[in-house]
Amino acid sequence: MIRRFGTPPEKGQTYVRRVGAYALLPKGRHLLLTCQSDPDPDLQLPGGGVDPGESPVRALHREVYEETGWHIAEPRRIGAFRRFVYMPEYDLWAEKICLIYVARPTLRIGPPTEPLHQEIWASASMAAKVLGNAGDRHFASMLVTSIIRP
């Protein structure tokens, strides 16, 4: 069973399962995050949905680049969680299956290509407190306490 973070599913609500790949991207004592500014500012681990026919690792590379402008290397899956949310940008109720990786940011190509996203560098300890969802905060906290080695 995959650990759930956040609110439980609402009775009577139908959820679409969406698998996504997300990354902890440490550099020194900092993490590369993304801030999605719409509908409200939200700090997130970079990553997103796995498209049909796409592997989670390929999706991770694509999403990190789109949301931060960075290329990454050596992704290693460290866990997973799920959460039940409404996604206003898609007008969709989703059961998000979040595959979590740790990877090394290697090269900034340019600004994010995904509209309404901005790269943010934050101390790992700060990220563990301010990330927008409890699952992201949980994995950032594990990095801070050295359970996960980059």
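The model is predicted, so local features are given only at pLDDT of at least 70 and side-chain atom pairs count only at pLDDT 80 or more, while totals for chains, interfaces and linings use all residues. Residues are numbered from 1 along each chain as its sequence is written, and side-chain values use heavy atoms, with hydrogens and water left out.

Select Cys 35 and Cys 98 to begin. With a disulfide taken as a pair of cysteine sulfur atoms within 2.5 Å, the count comes to zero. Cys 35 is in no disulfide, its nearest cysteine sulfur, that of Cys 98, being 18 Å away; seen from Cys 98, the distance of 18 Å to the sulfur of Cys 35 is too far for a bond. Buried here means under 20% relative accessible area, exposed over 50% and partly exposed in between, with a 1.4 Å probe and protein chains only. Cys 35 is buried at 15%, and Cys 98 is buried at 4%.

Next, select strand β7, residues 92-108, in which twelve of the 17 residues are buried; strands are DSSP runs of E with at least two residues, numbered from the N terminus.

Strand β1, residues 16-24, runs parallel to β7 and is joined to β7 by nine bridges; to see one of them, pick Arg 17 and its partner Glu 95. Strand β6, residues 70-87, runs antiparallel to β7 with 15 bridges, among them the one between Ala 73 and Arg 104.

Finish at the hairpin of β6 and β7, where four residues lie between the strands and Asp 91 takes a positive phi near 50 degrees.

Key:
Pairing = 2+ DSSP bridges.
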